[in-house]
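Thank you for making time this morning.

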Amino acid sequence: MRSPVLRRAPAQGGARDEPSRSSPDPSIANVRPGSRFRGPTILAAGFLGNIVGVGFTLHLFGVFVQPVAQGLGASMAVMGVAPVLWQCVNGLFNPILGRMLGPVSIRLAMVVGAALLSTGIVLLSRAESLLEAGLIYGLMISVGSVLVGTLPAMTLVSNWYHERRGRALGIVSTGTIASGLLLPPLAAGLIGLYGWRQAFLVLGIGVAAIAIPFLLAFVVDRPELVGEAPDGRTAVEGSHRQVPATPIDMRLILADRNFWLIGLTFGLLFAAGLVPVLFTVPFAMQGGLTLQDGAWVMSARAAAAVVGRIAIAGLSDRIGRRTALWGVIASQILLWNVLVGADSVSVFIFASIAIGFTGAAFALQAALVSETFGQASFSRVMGLLYTAELPFQLLAAPIAGYVYDSTGDYAVAFRSFMPAFFIAAIVLFFVRDGREKAQPD
């Protein structure tokens, strides 16, 4: 049965959240031919938003957890609540933010988020109790990271790129990985020189000094607002381009089977994707490598992921999102089997890096959502998906940890998540391809 969200209005022949093809959008018709396309600076702004939103929360946790625990007299078990709290805030607040974006500008949301996050980091440097630190982290830093981070950044880039949306989203999504490469060494150096409190102070001031001015200067919600068109097209090429107008009602989104199928597909993939992030280093040590060797393998895997996301997401612009995603799933299944069966260090390292290169699911999800539900509803759908996928992410680490505790073998923990790939591949078959949306009834 056809989804009510994607059913076309019989009289107009266009999707319900888009204007008729016969009515050119006046803002695009006024595009200035030859004007410089601002897309690259938009990509930079989205990339920066991902670095700030994810890097200054998730990726810095491992660097600060030990010194902060010692400084505030907290156990590691208590400190372990922080990343769970961050995930919960992401899952619960993103649907609200997804509905806000539109009435509230993306630029305003990102600037407020950066200001809130930077203020929270500065205040955290002066926290005197665990309760005080927890409130600052949960109410300021976590909320600020959502406002400046992934959802606004991806929505912004999706507005500016249509034909090359996959590659653009792939580029911006690598900000979450780049933050893991850049920020931990910087934070560790600051802690070694000045201690954890002064390190927080420097990082908080750095966010305010760099991110806020950049976002204020370069974020523009949509190209039409400054007389441009998506992908840098000229007025002649873009004057009759469809422009999303009215977002789909959230009740209709939740009633659409595509929403739940996409949520299940990527919930499974993201849960499985956490396993190599959490256990590659201890698995390497189980195989005889040192802690430092395992850390270098993780760094190489992250670097490969940067290149892979851009390449695979760009390829999906040509072959379609589902086809590219099936290729990603097949590659992950093959490489995971190579990894757990590796009989030499070189094979283990190759498989680990290749897993990073083919891990492009997040960028593909964003592109698939935009095509399936329309750009006007992108932020709403993505925001709701954060909540729908949250249980998978919260359960992945405990399940993998329990399997290891029961067997004493990280290879078994990896294998226990292998069925997630097969189930995701089957569920994806029933997702209606976004390209079909443009076909007449």
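**The chain as a whole**

Let me begin with the contacts, meaning heavy atoms within 4.5 Å: of those in the chain with a separation of 6 or more, 84% are between residues 24 or more positions apart. Before I go on, please keep in mind that this is a predicted model, in which local features need pLDDT of at least 70 and side-chain atom pairs count only at pLDDT 80 or more, while totals for chains, interfaces and linings use all residues. Residues are numbered from 1 along each chain as its sequence is written, and side-chain values use heavy atoms, with hydrogens and water left out.

The secondary structure comes to 20 helices and zero strands, where helices (H or I, at least four residues) and strands (E, at least two) are DSSP runs numbered from the N terminus. Of the 441 residues in the chain, 55% are buried, and by buried I mean under 20% relative accessible area, with exposed being over 50% and partly exposed in between, for a 1.4 Å probe and protein chains only.

Which residues have the most contacts inside the largest nonpolar core? They are Phe56, Phe64, Leu325 and Trp336, in a core of 125 residues; such a core is a set of buried Ala, Val, Leu, Ile, Met, Phe, Trp, Tyr and Cys residues joined through side-chain atoms within 4.5 Å.

Two of those names lead us to the aromatic rings. The structure holds 14 aromatic pairs, and here rings of Phe, Tyr and Trp (its six-membered ring) pair if their centres lie within 6.5 Å, with planes under 30 degrees apart counted as stacked, over 60 as edge-to-face and the rest as tilted. Phe64 and Phe200 form a stacked pair, at 4.0 Å centre to centre and with 10 degrees between the planes. This pair links distant parts of the chain, since Phe64 lies in helix α2 (residues 39-72) and Phe200 in helix α10 (residues 196-218), 136 residues apart. Both Phe64 and Phe200 are buried.

The pair of Phe283 and Phe414, by contrast, is tilted, because the ring centres are 5.2 Å apart and the planes stand at 35 degrees. Here too distant parts of the chain are linked, with Phe283 in helix α13 (residues 257-286) and Phe414 in helix α19 (residues 410-416), 131 residues apart. Phe283 is buried with a relative accessible area of 9%, and Phe414 is buried with one of 0%. Leaving aside residues up to four places away in sequence, Trp336 touches several others, among them Ala272, Pro276, Phe414 and Phe421.

Let us return to α10. This helix has 23 residues and reaches 32 Å from its first C-alpha to its last, close to the 33 Å expected at 1.5 Å a residue, a span defined as 1.5 Å times one less than the number of residues. Its buried residues include Phe200, Leu201, Gly204 and Val207.

What does Val122 touch, not counting residues up to four places away in sequence? Val122 touches Leu201, Gly204 and Ile205. Val122 is found in helix α5 (residues 106-124) and is partly exposed, with a relative accessible area of 26%. The C-alpha atoms of Val122 and Gly204 are separated by 5.1 Å, although the two are 82 residues apart along the chain.
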